Amino acid sequence: MADITERLRAACAALLVVAAAAACDTEAQFAPSLPPAAGFRVDDGVLKLWTGTPCQGVIGMRLIFDSGTKQSTQQEWTAPKPGVQVERMDLLRSGEGSPPDSGGPLQVRTPLPAGYDWTKASSIVFSVDGPKANGARADVAQVLRESAQHPADSYLFGRQGWMTASDVQRENQKTFLTICTPDPD
């Protein structure tokens, strides 16, 4: 009987270790094999986006500031089906955050709240709807602080740093994924 109790305790302990290890796994079940990124920079007070590679069939875009906090707020754009190609876009002006006039099929559906100053946010999360894509995150203070230090054709791609077109072409699918690049794994 004592032998059965000891085996039962050992099995429970092993099960507890396995459950604890599984609970500590920080990778999302469907996370891409490489970190996704989109490029951001600020020129003349305008927040600019570069997806790195074209995103085809975009029917919506979302820019969330301070995601997951009480200060979280977002701006959303929409486009009619079958969607549009997005690669480079002026997103917001500093100050009131009013969007530059895109004049294209992507139109602001949900603007930032009146008086919201996105330059005071700590982070940006960007995502697109339509094509299979990953979201990207950037540090607002870093984008604001470093943009003037880099050439106009260079964008901050999250942890990847400041990249030009040749950098993105060389590193995409090797060290990171642009948001609309399929996962190679």
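Mentor: Cys 55 and Cys 180 form a disulfide, with their sulfur atoms 2.0 Å apart. This is a predicted model, in which local features need pLDDT of at least 70 and side-chain atom pairs count only at pLDDT 80 or more, while totals for chains, interfaces and linings use all residues. Residues are numbered from 1 along each chain as its sequence is written, and side-chain values use heavy atoms, with hydrogens and water left out.

Trainee: Why is the pair of Cys 55 and Cys 180 called a disulfide?

Mentor: A disulfide is a pair of cysteine sulfur atoms within 2.5 Å, and the sulfur atoms of Cys 55 and Cys 180 are 2.0 Å apart, so the pair meets the definition.

Trainee: What makes the disulfide of Cys 55 and Cys 180 right-handed?

Mentor: The torsion about its S-S bond is about 105 degrees, and therefore the disulfide is right-handed.

Trainee: Why is the ring pair of Phe 40 and Phe 126 called edge-to-face?

Mentor: Rings of Phe, Tyr and Trp (its six-membered ring) pair if their centres lie within 6.5 Å, and planes under 30 degrees apart count as stacked, over 60 as edge-to-face and the rest as tilted. The centres of Phe 40 and Phe 126 are 6.3 Å apart and their planes stand at 80 degrees, so this pair is edge-to-face.

Trainee: How do you know that the charged end of Arg 88 sits over the ring of Trp 50?

Mentor: The definition asks for NZ of Lys or CZ of Arg within 6 Å of the ring centre and within 35 degrees of the ring normal; the charged end of Arg 88 sits over the ring of Trp 50, 4.2 Å from its centre. Arg 41 likewise lies over the face of Tyr 155, at 5.9 Å from the ring centre.
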